[in-house]
Amino acid sequence: MLIIGIAGGTGSGKTTVVRKIVESLPMGEVVLLPQDSYYKDSSHVPVEERQNINFDHPDAFDWRLLSKHVSMLREGQSIEQPTYSYLSCTRQSETIHVEPREVIIIEGILALSDKKLRQLMDLKIFVDTDPDDRLIRVIRRDIRERGRSAEAVMDRYVRVLKPMHEQFIEPTKRYADLIIPEGGSNQVAINLMTRFIKEHLYPI
C-alpha cells in the first residue's frame with residue numbers, strides 16, 4: 001500500500017493531479033480521502049454565524065478522525081468517511097463506505113500540516129500555482145458550485161484565503177517530497193510522480 005498526501009492552495013490544481021494519478025493506475029486501485037470531508041461539525045453554531053467560520057485554518061479540521069481513518073485503511077480495515085455540506089456548513093448524516101486499496105490519497109489545502117498525519121504518508125506532494133491563477137479558479141468554482149457571487153469570493157480571498165495561505169498552507173511546502181509547479185499542467189512532474197508510484201507498487 002502507498003499513502004500519498006497532496007496539498008496546495010485553494011484552486012492550485014490538486015484535483016487535476018489526483019485525477020492524473022487515478023488515470024495512470026488500474027481501475028479500482030485508488031481511494032481518495034478529501035480533507036474537506038473532515039471539517040469539524042458546525043451544526044451547534046447558529047446558522048447566521050457559520051459563514052464566519054474560517055475553513056482555511058488548521059483548527060477547522062478533525063485531524064484525529066482523519067488520522068484514525070488513514071491508520072485503519074493501512075491496517076486493512078474499511079471506514080465510514082464523513083460527508084460535509086458547504087451550503088449548510090455541517091457534517092451530514094450520510095457517510096461513504098471506503099474499502100482499503102493499493103493507493104490511499106489524502107487531498108486538501110492543509111494535507112501536510114498535521115505531523116501525525118504526515119508520518120502516515122509514504123509520499124508528500126505540494127501543488128504550487130501562481131496566486132492569480134488560483135484566484136480565477138476559485139471565483140469560477142465558488143460561483144458554480146457554492147452559490148457565491150464574484151464579489152463575495154474576492155472579498156473572502158482578500159480577508160481569509162490569501163492570509164491563511166501565507167500563514168498556514170505555503171509553509172507546508174517544506175514537508176513535501178515533490179513540489180509540482182503549475183499543478184496538473186506540469187506533465188514532466190506528473191510523469192515523475194506516477195513513475196515513482198508504479199515502481200513502489202509493482203517492483204521488478
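Seven salt bridges are counted in this predicted model, a salt bridge being a side-chain nitrogen of Lys or Arg within 4 Å of a carboxyl oxygen of Asp or Glu. Residues are numbered from 1 along each chain as its sequence is written. In this predicted model, local features need pLDDT of at least 70 and side-chain atom pairs count only at pLDDT 80 or more, while totals for chains, interfaces and linings use all residues; side-chain values use heavy atoms, with hydrogens and water left out.

- Side chains of opposite charge can pair when their charged atoms come close.
- Asp62 and Arg91 form a salt bridge with an N to O distance of 3.5 Å. Asp62 belongs to the loop between helix 2 (47–50) and helix 3, and Arg91 to strand 4 (residues 90–98), so the pair ties together parts 29 residues apart in sequence. Helices (H or I, at least four residues) and strands (E, at least two) are DSSP runs, numbered from the N terminus.
- Asp62 is partly exposed at 21% relative accessibility, and Arg91 is partly exposed at 25%. Buried means under 20% relative accessible area, exposed over 50%, and partly exposed in between (1.4 Å probe, protein chains only).
- Another salt bridge joins Asp177 and Lys124, at 3.6 Å from N to O. This pair links distant parts of the chain, 53 residues apart: Asp177 is in the loop between helix 6 and strand 7, and Lys124 is in strand 6.
- Asp177 is partly exposed, with 48% relative accessibility, whereas Lys124 is buried, with 15%.
- In the salt bridge of Glu170 with Lys173, the closest N and O atoms are 2.7 Å apart. Asp128 is linked with Glu170 and Lys173 in a network of salt bridges.

- An open sheet is formed by five strands in the order 2-5-1-6-7, with parallel pairing. Two strands pair if DSSP finds at least two bridges between them.
- Strand 2 and strand 7 (178–181) are the edge strands, each pairing on one side only.
- Neighbouring strands of this sheet are turned against each other by 20° on average, direction ignored. Axes are lines fitted to C-alpha atoms, for helices over the stretch in contact, and angles run from 0 to 180 degrees between N-to-C directions.
- Strand 6 (residues 123–128) and strand 7 run parallel and are joined by four bridges. Phe126 is placed opposite Ile179 in strand 7.
- Helix 1 (residues 14–24) lies across strands 1, 2, 5, 6 and 7, and runs at about 155° to strand 1.

**Nonpolar cores**

- The largest nonpolar core contains 34 residues, and Leu33, Leu66, Val70, Ile106 and Leu117 have the most contacts inside it. Such a core is a set of buried Ala, Val, Leu, Ile, Met, Phe, Trp, Tyr and Cys residues joined through side-chain atoms within 4.5 Å.
- At least two residues of this core come from each of strand 1 (2–8), strand 2 (30–34), helix 3 (63–74), strand 3 (79–85), strand 5 (103–107) and helix 6 (150–169). Helix 3 contributes the most, with six residues.
- Apart from this core lies another, of 18 residues, including Ile4, Val17, Leu123 and Ala189.

**Tyr175**

- Tyr175 sits in the loop between helix 6 and strand 7 and is partly exposed, with a relative accessible area of 27%.
- Not counting residues up to four places away in sequence, Tyr175 touches Leu112, Arg118 and Lys124. Contact means heavy atoms within 4.5 Å.
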